[in-house]
Amino acid sequence: MSVALNTKHLSSFISEEEYAAIYPQVEAAHNQLEAKSGPGNDFLGWMYLPRDYDKEEFARIKEAAAKIREDSDVLVVAGIGGSYLGARAVIEAVKGQFHNELENGLKIYFCGNSISPTYLNNIISLCKGKRFSINVISKSGTTTETSLAFRVLRELLEKEMGVEEANKRIYATTDRRKGALKALADQAGYETFVVPDDIGGRYSVLTAVGLLPIAVAGVDICRLMEGAETMMEVCAKTDMAENPAWQYAAARYELYRTGKKIEVLAAYEPSFRFMAEWWKQLYGESEGKEHKGLFPASVEFTADLHSMGQYIQQGERSLFETVVRFGASHRPQVVPLDETDGDGLNFLAGKDVDFIRTQAMDGTLLAHVEGGVPNIILRTGQINAFTLGELIYFFEYACGLSGYLLDVNPFDQPGVEAYKKNMFALLGKPGYEALRQELAEKLHRA
């Protein structure tokens with residue numbers, strides 16, 4: 001196991017007695033998860049997924065990925081929220097932000113996660129004249145952003161390659177039995193993969209939802225699942241000292257209880273950006289209910305030390321930081337000597353950039369803690385598929401614990417439906433006529 005929590009920098013904010021007092025509550029939340037007796041217990045399929053995943057579908061995912069890599073120049077992944085964040089997070093963390101530009105062969109682009117004609121037209125331009133395939137991901141098949149992008153791209157694919165060939169290049173990840181996308185896939189003959197009934201979107205990265213794009217990118221999904229299974233076994237332990245998910249959930253809850261309402265996830269690695277975006281959805285959708293929950297935010301250090309650093313250091317003391325620290329880089333970079341030393345950096349000549357980054361981490365940590373910002377350090381291994389698998393499962397399990405500590409259902413998202421109803425009504429979707437009139441009057445008064 002390469003994931004370990006360091007909470008020693010919380011000592012001036014949480015006493016040992018306060019921390020120990022939470023133990024029974026964390027244990028009770030753990031027992032709810034393991035016994036499947038808490039709210040949302042019909043969405044706990046993610047808990048044993050790293051061990052009990054569908055091996056036959058897993059093999060089909062690898063076969064489809066190999067086919068796409070062989071017959072396509074581009075894969076477009078159409079999905080929103082949990083239907084794309086996890087896949088993009090793993091791909092960019094392991095392969096880097098510039099993998100499309102730096103690597104020969106297939107390129108992967110994501111769409112269907114916004115309503116922007118500019119963005120959609122850029123994706124179309126990247127696909128025109130190329131052999132491309134589409135992986136459309138939607139359990140219902142009626143998600144507006146995703147369905148809109150898929151309709152446009154499907155039309156382009158059919159025009160450029162013909163309907164018969166297009167149908168061979170569309171891969172639908174959707175409900176096993178029902179829904180608009182499942183019906184279309186069955187009619188057209190798309191190869192399909194399953195969004196499990198008992199796993200919500202934000203917990204779905206280790207299903208076909210995330211695994212197909214990740215495999216197409218060339219990331220080892222076997223190692224990803226092995227890392228997740230390793231952490232699954234660790235998270236099953238009923239000992240605070242041995243279970244980092246217990247430690248994290250306990251620290252977050254106690255900080256929240258004492259007035260820290262914002263959690264800032266920080267990493268000193270730009271390629272972690274979409275892991276942070278995935279984390280924000282996971283915790284925001286899971287905890288933000290009944291006027292409860294930490295607000296999840298993220299920063300990219302050291303870049304954001306030159307923008308958000310001022311606020312973190314001296315702004316309102318309502319936040320804490322969780323800092324993810326990875327092992328050494330795959331590609332070391334040593335600072336060269338400059339005879340003129342015009343920039344004054346010769347004192348760093350011969351030193352590795354990883355070493356410099358570590359000093360930046362430590363210096364920032366001390367400054368922020370002394371400035372009144374509690375810091376949780378999450379240490380992991382080198383960035384690779386195994387480490388990412390561990391990290392994904394760690395955050396998922398700790399999220400389930402955290403929801404139960406807050407006494408909310410961490411596996412539903414009733415508030416998300418409010419904007420959808422309003423949007424459907426304003427767009428004139430059949431069945432929303434009364435609401436449309438009501439909203440039009442409100443907008444007119446405003």
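Me: What makes the crossing of H12 and H17 right-handed?
Reply: A crossing gets that name if the near helix is turned clockwise from the far one by less than a right angle, and left-handed if anticlockwise; H12 and H17 cross in the right-handed way. This is a predicted model, where local features need pLDDT of at least 70 and side-chain atom pairs 80 or more, while totals for chains, interfaces and linings use all residues. Residues are numbered from 1 along each chain, and side-chain values use heavy atoms, without hydrogens or water.

Me: Why is H12 called oblique to H17?
Reply: The axes of H12 (residues 221-235) and H17 (residues 385-405) come within 6 Å and cross at roughly 40°. Under 35 degrees counts as roughly parallel, over 145 as roughly antiparallel, 65 to 115 as roughly perpendicular and the rest as oblique, so H12 is oblique to H17.

Me: Which residues in H12 and H17 meet?
Reply: Among them are Leu224 and Met231 in H12, and Phe386 and Ile392 in H17, where contact means heavy atoms within 4.5 Å. The contact residues divide into twelve nonpolar, three polar and three charged.

Me: Why is E7 described as largely enclosed?
Reply: Five of the six residues of E7 (residues 262-267) are buried (under 20% relative accessible area, 1.4 Å probe, protein chains only), so E7 is largely enclosed by the rest of the structure.

Me: How do you know that E7 and E8 pair?
Reply: Pairing takes at least two bridges found by DSSP; six join E7 to E8 (residues 295-300), and the strands run parallel. Ala267 stands opposite Glu300 in E8.

Technical notes: Axes fitted to C-alpha atoms, helices over the stretch in contact; angles between N-to-C directions. Helix = DSSP H or I, 4+ residues; strand = E, 2+ residues; numbered from the N terminus. Nonpolar A, V, L, I, M, F, W, Y, C, P; charged D, E, K, R; others polar. Buried < 20%, exposed > 50% of the residue type's maximum accessible area, 1.4 Å probe, protein only.
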